[in-house]
Amino acid sequence: MNLSPTRPGWLEAVLADFDSFLQDHASCEKKAAGMALKMASHYPDKPVLLNAMAELAVEEMSHYREVIRLLTRRGVAPAPDTRDAYITAMNRLVRHGQEFYLLDRLLIAAIVEQRGCERFGMLAEALPEGAEKRFFKALTESEKRHGELFVRLAEQHCGQAGIAPRILALAAAEANIVAALPLLPRLH
């Protein structure tokens, strides 16, 4: 899946206020775990999906724990969760109807993870050698695996026929969403 590249200026905004970025990142990891659990609760009749989402929730909470540790080491308290305009806009793309809902949720999750992969990779490259750089390199790989997982789950549960055109349409919509958002020290 090819997404539009992140606009110039995003990385500079993050590095200029890294503590705020980490606060947002902690919130994103917590919300990702919640999304996985919510999806598991909606599809208890799909054991492959259920098990994958249980594993994903545990991994996302592990990432949350690591970001909280990073914040604590820096002497920064986590911030309250705020509404994520990117995720809100992406979720508006979910079509209603049983035949579309799961497919769109899975493909949107794949795109969100791919965007995270790109941005964590950019951040890992920019950070000096050390624990934070290693952490964001590991997150880059994790986000890549998560994106691939969501596409595989879509193929297994929704059939491959409609995936390619739908992911292209969602990626185009995501490009417009990203282009309209301000450059802030946030993951999305």
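Me: What share of the contacts between residues at least 6 apart in sequence join residues at least 24 apart?
Reply: The share is 82%. Contact here means heavy atoms within 4.5 Å.

Me: What kind of model is this, and how are residues numbered?
Reply: This is a predicted model, where local features need pLDDT of at least 70, side-chain atom pairs count only at pLDDT 80 or more, and totals for chains, interfaces and linings use all residues. Residues are numbered from 1 along each chain as its sequence is written, and side-chain values use heavy atoms, with hydrogens and water left out.

Me: How many helices and strands does the chain have?
Reply: There are 7 helices and 0 strands. Helices (H or I, at least four residues) and strands (E, at least two) are DSSP runs, numbered from the N terminus.

Me: What makes a set of residues a nonpolar core?
Reply: Its members are buried Ala, Val, Leu, Ile, Met, Phe, Trp, Tyr and Cys residues joined through side-chain atoms within 4.5 Å. Buried means under 20% relative accessible area (1.4 Å probe, protein chains only). The largest such core has 35 residues; Leu49, Met53, Tyr86, Leu106 and Phe150 touch the most other members. Its largest share, 9 residues, comes from α5.

Me: Which residues does leucine 106 contact, leaving aside neighbours within four places in sequence?
Reply: They are Met39, Leu49, Phe150, Leu153, Ala154 and Cys158.

Key:
Buried < 20%, exposed > 50% of the residue type's maximum accessible area, 1.4 Å probe, protein only.
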